[in-house]
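Please examine the structure shown below.

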Amino acid sequence: MFGKRGNSGSGIGRQPPPGVGTLERAPSPAVARAPEPPRGVAMPSPPLSPASAPAEDRQRSSSFYETKSQVFGALIEAIDLSQLAKLDAQSAREEIRDIVNEIITIKNIVMSIAEQEDLLEDICNDVLGYGPLEPLLARDDIADIMVNGPNTVYIEVSGKISKTGVRFRDGAQLMNICQRIVSQVGRRVDESSPICDARLPDGSRVNVIAPPLAIDGAVLTIRKFKKDKLTLEQLVKYGSITPEGAEILRIIGRVRCNVVVSGGTGSGKTTLLNCLTRYIDSDERIITCEDAAELQLQQPHVVRLETRPPNLEGEGRVTMTDLVKNCLRMRPERIIVGEVRGPEVFDLLQAMNTGHDGSMGTIHANSPRECLSRMESMIAMGGFSLAAKTVREIIVGSVDIIVQAARLRDGSRRITHITEVLGLEGDTPITQDLFVYEMVGEDEDGKIIGRHRSTGIGRPKFWDRARYYNEDKRLAAALDAADVGEPMR
């Protein structure tokens, strides 16, 4: 079926691998096969012996990679990739496994069962997927994958970084996989354009920086999204926020407050923004603007926009500012900016202040006060010649709520502040905290013990807005129930 020079009357008719005899196979690929065992590891497991450890944790010998290279070369000679591309993923994987098994038999390659399974899986991943990264992408407990050149791969699990046994054949294989990832979203990475932001089909964020900027080989960073999207209920379960705090966040999302989610790198800003958008009414028209489309809204009326880098001639670039300006002409009811990094913050604030209530975005900042200062700085970076007080008036008149997320030193993530922006007192923005997280200590395992507490505000600034949407009773009940919580680990 996959022969490069197949006969018209034969189902297989492919060229035998170099140096081996003709392969005898059944004429049809649709033969009955025993079901394959599940691949990958879904959850972290107890320490395993080296023989039974997951493939991504085992160190492979140099002879394994030599054998793999030999078999892979024979496979490429024996298979017609254009015909393989016509099959679905599972059928293509079964065909590759059959041919590789035949090559191993004919070449009299001696391998253990575990090594042969690793070899089969590696070659299938190289041809159809993302090579050595596939076992890591299959694990839902991994938050980040960090590839520091072809021989070094780290992962983050439960907030802790550890080194894996995964390695690439060479730098060329790593670059090929990077190209495969970024080309799916119409981008490129090479010497002329060595930095690229992209995404995987599930929305996971990808960053690539290639040589010559990366001295020791291409550096690939993947921020993985869980297959099961987090909800506020799950954040309560994990201790990121109290039930009363989660209820207030639901009300904030429902009553069209303008929200900025603030936090450091890896603090969970995008996840939290996804959680807040779940409480937007299904009849609202939402437009999202992102550098790499990560938000996954559940509402039926969503328009997703994505920036575009310049082409080879340096033309055709579409910036976040261009997207935000254009979406104002698209009759949005809510504008959601995945990450505000520069002058586009001014256009977002203008949108918030001119009838697009309920707009949201994320900003890198370490506290709510710093978030306001960062917005002021980003407006100045855009070259707007406005007085400092005017800029602050625009900010405090546009932003209603700042939700601060943080990643603590033990790897846990917490919502540390729910803060209202009240206005200006002279030239100084005034804020008030509705909820704060305070650390109490740590246990014998180094896990931080802390608690969320209400600041006792009985009537927040957005009370009238909540009453307009008939949410004032829920808001009052949540504020009344909020008290100093029990310490959480």
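In this predicted model, helices α12 and α13 cross with a right-handed sense. Two packed helices are described by the angle between their axes and the distance between the axes. Here α12 spans residues 368-381 and α13 spans residues 388-398; their axes come within 10 Å and cross at roughly 125°. The two helices are therefore oblique to each other, since an angle over 145 degrees would be needed to count as roughly antiparallel and 65 to 115 as roughly perpendicular.

On the α12 side, the contact is formed by L372, M375, E376 and I379, which meet A388, V391, R392 and I395 of α13. Six of these contact residues are nonpolar, two are charged and none is polar. The spacing of such positions can be read against helix geometry: an α-helix has 3.6 residues a turn, so residues three or four places apart point the same way.

Helix α9, residues 269-277, is mostly covered, with eight of its nine residues buried. The buried set comprises K269, T270, L272, L273, N274, C275, L276 and T277.

The cysteines remain to be considered. A disulfide is a covalent bond between the sulfur atoms of two cysteines. A search of the whole structure returns zero disulfides. For C327, the closest cysteine sulfur belongs to C289 and lies 4.0 Å away, which is too far for a bond, because the cut-off for a disulfide is 2.5 Å. C327 counts as buried because its relative accessibility is 0%. C257 likewise counts as buried, at 0% relative accessibility.

Notes:
Residues numbered from 1 in each chain as written. Predicted model: local features only at pLDDT ≥ 70, side-chain atom pairs only at ≥ 80, totals over all residues. Heavy atoms only, no water. Axes fitted to C-alpha atoms, helices over the stretch in contact; angles between N-to-C directions. Helix = DSSP H or I, 4+ residues; strand = E, 2+ residues; numbered from the N terminus. Parallel < 35°, antiparallel > 145°, perpendicular 65-115°, else oblique. Left-handed = near helix turned anticlockwise from the far one by under 90°. Contact = heavy atoms within 4.5 Å. Nonpolar A, V, L, I, M, F, W, Y, C, P; charged D, E, K, R; others polar. Buried < 20%, exposed > 50% of the residue type's maximum accessible area, 1.4 Å probe, protein only.
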